Amino acid sequence: MPILDVHNIEKHFGATRVLDDISFSLEAGQALAIIGSSGSGKTTLLRCLNFLEKPNGGTIAVRDKVIFDAADPATQRPADIREKRLHFGLVFQNFNLFPQYTALQNVTLSLHLRDKEDAAGRRAGKDRHKAAIDQRGLELLAQMGLSDRAGHYPHQLSGGQQQRVAIARALALQPDVLCFDEPTSALDPELTGEVLKVIRGLAQQHTTMIIVTHEMAFARDVADQVIFMDGGVIVEQGPAQQVIEHPAQERTRQFLSRYAEN
Amino acid sequence: MLSFFSSDVFRTVVGALNTGFLQTLRLFAVTLAGAIPLGLLISFGSMSRWAPLGFLCAEGQHPVLRAIWGFRPVSALCRLLVWVIRGTPLMLQLIIIFFIPGMILDSGSPWPGGESGRFLAAAIAFILNYACYFSEIYRGGIQSVPLGQQEAGLVLGMTRSQIFFKVTLLQMVKRIIPPMSNEIITLVKDTSIARIISLQEVIWAGYAFMKGSHGYSGLWWPLLFTGIYYLIFNGALTLFFGWVERRLDYFR
Ligand SMILES: Nc1ncnc2c1ncn2[C@@H]1O[C@H](COP(=O)(O)OP(=O)(O)OP(=O)(O)O)[C@@H](O)[C@H]1O
Ligand SMILES: [Mg+2]
């Protein structure tokens with residue numbers, strides 16, 4: 001049973017069609033890489049999954065439950081969207097860490113806020129909760145290799161460290177599917193390695209992931225499936241090794257050859 | 001020299017100036033207390049996207065039609081207010097608010113007689129004027145916080161108000177402290193404009209000794225002396241804002 005089912009997603013901005021008939025599914029524990037040239041709609045697709053954009057057509061189902069159907073307003077109630085967002089996590093290209101919070105506070109903020117909402121009714125055991133949340137935050141930072149950076153503010157961290165904090169922050173709410181939008185594109189080349197290594201580690205632990213990336217070797221080695229997008233449509237999808245090493249479509253071949261050259 | 005500072009005339013002048021400066025401080029405090037929240041309201045108003053006819057907008061429509069249907073009345077009204085208030089002198093606004101109602105209303109001036117009426121009129125003019133300046137500073141502050149901060153909050157399942165109070169607000173405050181401290185120091189000095197309707201603030205009190213007050217006349221130094229009050233108070237404000245800025249230095 002796939003954990004995520006995306007059907008016929010369509011999105012336009014004004015008259016421009018940015019996504020057209022996007023369909024794919026993802027098994028639990030698998031990693032999906034999305035590749036494609038600039039402007040092909042990769043970011044928009046991730047934003048649709050995270051309810052930052054509203055698709056004009058199509059459905060999104062998580063664990064066989066339809067959480068969005070463009071044709072059914074009952075699935076689009078603003079009051080429910082907040083909860084539905086929690087099925088997905090999103091790691092941004094430019095991190096978007098909260099500058100006024102330390103690495104640990106960035107990771108735990110959402111957990112503390114949720115706990116406060118829950119605890120509004122029952123006050124007891126609040127301090128224990130707080131300690132447990134901070135403990136969980138420290139574990140996530142340790143997993144990212146950042147144990148010694150918990151008390152640092154974002155501006156005191158390198159780009160690679162900031163992005164790893166952002167990954168820990170996205171993991172804190174235990175999303176069903178963790179999405180990455182070009183997680184290493186804003187980094188100096190010497191810093192991409194440490195971030196890719198962390199994502200590789202998540203793949204080995206069977207975290208369900210969708211990774212938009214321009215790192216072809218990484219996509220081939222880490223992803224189970226690869227989707228190649230161009231002009232808002234899926235041109236080719238299949239097992240990672242096959243799509244990247246033996247693409248069936250001419251457009252995919254052209255796209256990949258640009259990466260082979262340099 | 002020392003005997004001057006213990007003379008009767010000096011003590012009388014300082015007493016009168018203290019009373020005047022107290023009125024200055026009162027106008028300053030009331031203006032801040034009113035303009036800081038009112039400014040926030042006006043800045044939200046001018047950013048309002050409410051367009052009652054917006055549903056008539058359609059793709060491919062003529063731009064003129066789009067502009068008509070997309071008209072945002074709240075935003076337009078707030079921007080008009082800010083334009084008028086910032087485009088005319090505070091002194092003129094004060095004169096209009098204090099004198100004009102009495103001329104056009106059959107019931108006469110709505111302001112209570114004496115100093116309390118002058119203070120009320122001055123407070124209203126100052127609050128309105130400074131709220132408009134503050135609103136533009138707030139708007140700049142809010143819009144300077146990157147959209148990605150909000151989106152990061154949304155993706156983490158936060159509500160709009162959690163995002164505002166836990167994520168955006170402090171970043172906005174940090175950015176508006178320098179322009180706000182400029183405006184607030186200007187406000188301290190601007191309170192002297194209320195003299196135009198004879199509010200008995202510190203400059204009024206100093207000037208009175210030139211014309212004749214408390215049995216003295218032709219004294220010019222009390223007026224110069226008022227400058228010391230402003231200097232000391234603005235010095236304290238500068239120290240305070242410097243302290244606040246340093247408190248927020250821990251993040252960028
Ligand atoms: N808010 C928007 N309004 C109008 N057009 C938009 C908007 N967001 C994206 N687009 C357009 O949609 C298209 C796809 O954009 P998108 O950012 O999804 O591409 P991408 O594949 O992520 O590209 P890149 O590799 O450069 O990040 C582009 O042509 C872009 O100009
Ligand atoms: Mg993109």
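Visitor: What makes the crossing in which α4(B) passes α6(B) left-handed or right-handed?

Guide: In this predicted model, where local features need pLDDT of at least 70, side-chain atom pairs count only at pLDDT 80 or more, and totals for chains, interfaces and linings use all residues, α4(B) passes α6(B) in a left-handed crossing. A crossing is called left-handed if the near helix is turned anticlockwise from the far one by less than a right angle, and right-handed if clockwise. Residues are numbered from 1 along each chain as its sequence is written, chains are lettered from A and ligands numbered from 1 in the order in which they are written, and side-chain values use heavy atoms, with hydrogens and water left out.

Visitor: Why is α4(B) called oblique to α6(B)?

Guide: The axes of helix α4 (residues 73-87) of chain B and helix α6 (residues 114-144) of chain B come within 9 Å and cross at roughly 120°, the axes being lines fitted to C-alpha atoms, for helices over the stretch in contact, with angles from 0 to 180 degrees between N-to-C directions. Angles under 35 degrees count as roughly parallel, over 145 as roughly antiparallel, 65 to 115 as roughly perpendicular and the rest as oblique, and therefore α4(B) is oblique to α6(B).

Visitor: What are the angle and the handedness where α9(B) meets α10(B)?

Guide: The axes of helix α9 (residues 202-211) of chain B and α10(B) come within 8 Å and cross at roughly 160°, so these two helices are roughly antiparallel to each other. The crossing of α9(B) and α10(B) is right-handed.

Visitor: How do you know which residues surround ligand 1?

Guide: A residue counts as near if one of its heavy atoms lies within 4 Å of the molecule, and the residues around ligand 1 include A:Phe13, A:Val18, A:Gly41, A:Glu182 and A:His214. By class, this shell has two nonpolar, eight polar and two charged residues.

How values were computed:
Nonpolar A, V, L, I, M, F, W, Y, C, P; charged D, E, K, R; others polar. Helix = DSSP H or I, 4+ residues; strand = E, 2+ residues; numbered from the N terminus.
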